[in-house]
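Please look over the sequence and the structure below with the strands and their partners in mind. The briefing that follows is arranged by topic.

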Amino acid sequence: MPIDFDTLVIREQTCSVKFDARRAVFGTEDVMPLWVADMDFPAPEAVTRALEARARHPIYGYSLFPDSLYQSMMDWFRDRHGWSIERDWILMAPGVVPSLHAACMAFAEPGEGVIIQSPVYPPFFSAIRQTGRTVIENPLDCVDGRYQMNLEHLEQCAARDDARLLVLCSPHNPVGRVWSDEELRAVLDIARRHGLVVLSDEIHCDLVYPDKPVHCVLDRLAGPEDALVTAVAPSKTFNMPGLGLSALVISDPDRRQAMKTVFDSLHMLQCNPFSIAGFEAGYRFGGPWLDELMAYLQQNRDYVADYLTQRLPEITLSVPEGTYLLWLDCRVLALGDKDLKQFFVRDAGVGMNPGLTFGDCGSGFMRMNIGCPRAVLEQALERIEAAIVRRFR
C-alpha cells in the first residue's frame, strides 16, 4: 500500500521541540515551524510495532545490545551502500552529537584544533568549544550556485601545528551536497598527509534524492592507513531522532577504544530498550518506507525550487542533493540577521533556522525543513510571498 505523507499529524502538546518550543524560540506560538531537523511524518509502521511490542513487557530495565541489532545494521549498509562492516568495528553511541564531543576529547588535547567546513550544523561548533578545543574553519565555496570544498584552504588548515581532527558532514547539513568520490578522496589524502583523524558524520547518508548522485560512504574509499571514525544512525532516516541511539564504525581497535574510554568516563548509557527496538526495526524493515519518503521529499524540494524561481526571485536556492533541508539565500532582502529572522516570524509567520547559527558565512541565509506535508509547504510559501510583497515590492 502507498504510504500517506500528505496527512497532517497534530504534534502540539506532545512535548515536541519543533512545535511546543515555538514560543521560547520565536517569541510566539503563531508560527509555522519549518526549523529543527525532524519530519512531520509518522515513522515506519514496523518501528511503531516494535516499540509497542517492547512496551508490552512491563519491565524496562538495563538492556544489552542483541546480536540481531548489529546484524540489522550490517545488512542495511551492505545492501544499501555496498559497505561491508565487521561486527567488531561497531561501537554503539548515545547519539551523533555526543559522539562529536567524544571525538574532540579522544583525538585532540585542550586548545588543539578541530577543522569543520562551514556553514555547518551548529553542534559542530559547540562540541569543539565546549570541550575546550579550537575551531578551525574551512569555509565551503559556492560556485555558480553549487557548494564545493575549498581543498587548497583545507590543506592549509590541516598543515597547522595544532590541527588534530577533521569533522566531515557527509551529506552536508545545511547545504545539501552529496560529496563526489573525487572530493572525498582528496579529503582522505589531505588528512593522511597531515596525520589527521577524520570523523565522518554520515547521519544523512540514506537521505539522498533519486535524481542526484549516489552517496559514497567515506570508509569505502579509505585504506587501512587512514584514521577514520564513521558516525551513522537510523534516526534521521526513519524519523525517530528522539530515540537517540547511533553507532560508530571504527576499524582501528586503538581509536575504537579511545572513543569507548571517553563514553565510559562520562557514564553515557545508550542502551535504552526502546531505542534498541526502534534501531533494529528501522534497519530491518524500513527500506520501502524510505524509498517512498525520498520520492515525496523530491517532489517537495522541486515544488519549493519552482515556487522560488517563478514567484519569489528575492530568495535563491542551491538545490540539495541530499537531506530534507533547504539552504535559502535571502541576502537580496538586505536585512540584518536578527531582522531577517523576525521578518519571517512576524511578517510571514514562518519559523526557520537562521543561517548565522551555522557560522558567520551563513549570514543572510535561512534553513528550511521540507519534511512535512506539501500543503504545509504551500501555505508557508504563500505566507512568505505575501510578506515580501507587502514589505519589498
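Ile 115 stands opposite Leu 166 in strand β7, where two strands count as paired if DSSP finds at least two bridges between them. The model is a predicted one, in which local features need pLDDT of at least 70, side-chain atom pairs count only at pLDDT 80 or more, and totals for chains, interfaces and linings use all residues. Residues are numbered from 1 along each chain as its sequence is written, and side-chain values use heavy atoms, with hydrogens and water left out.

**Strand β3 and its neighbours**

- Strands β3 and β7 (residues 163–169) pair in the parallel sense over four bridges; strands (E, at least two residues) and helices (H or I, at least four residues) are DSSP runs, numbered from the N terminus.
- β3 is also joined to strand β4 (residues 134–137) by four bridges, and these two strands run parallel, with Ile 136 in β4 as the bridge partner of Ile 115.
- From β3 the chain crosses through helix α6 (residues 122–130) to β4, and this β-α-β crossover is right-handed, which means that, with the strands pointing away from the viewer, the path from the first strand over the helix to the second runs clockwise.
- In a regular strand the side chains alternate between the two faces of the sheet.
- In β3 (residues 113–116), Gly 113 and Ile 115 point one way while Val 114 and Ile 116 point the other way, and all are buried, a term that stands for under 20% relative accessible area, with exposed over 50% and partly exposed in between (1.4 Å probe, protein chains only).

**The seven-stranded sheet**

- Seven strands form an open sheet with mixed pairing, in the order β2-β10-β9-β8-β7-β3-β4, and its edge strands, each pairing on one side only, are β2 (90–93) and β4.
- Neighbouring strands of this sheet are turned by 25 degrees against each other on average, direction ignored; axes are lines fitted to C-alpha atoms, for helices over the stretch in contact, and angles run from 0 to 180 degrees between N-to-C directions.
- At β2, four bridges make an antiparallel pairing with strand β10 (residues 246–249), and Leu 91 stands opposite Leu 248 in β10.
- Helix α4 (residues 67–81) lies across β2, β9 (228–232) and β10, running at about 110 degrees to β2, where contact means heavy atoms within 4.5 Å.

**The four-stranded sheet**

- An open sheet of four strands, with antiparallel pairing, has the order β11-β12-β15-β14, and its edge strands, each pairing on one side only, are β11 (316–317) and β14 (353–354).
- β14 and strand β15 (residues 365–369) run antiparallel and are joined by two bridges, and Arg 367 in β15 is the bridge partner of Asn 353.
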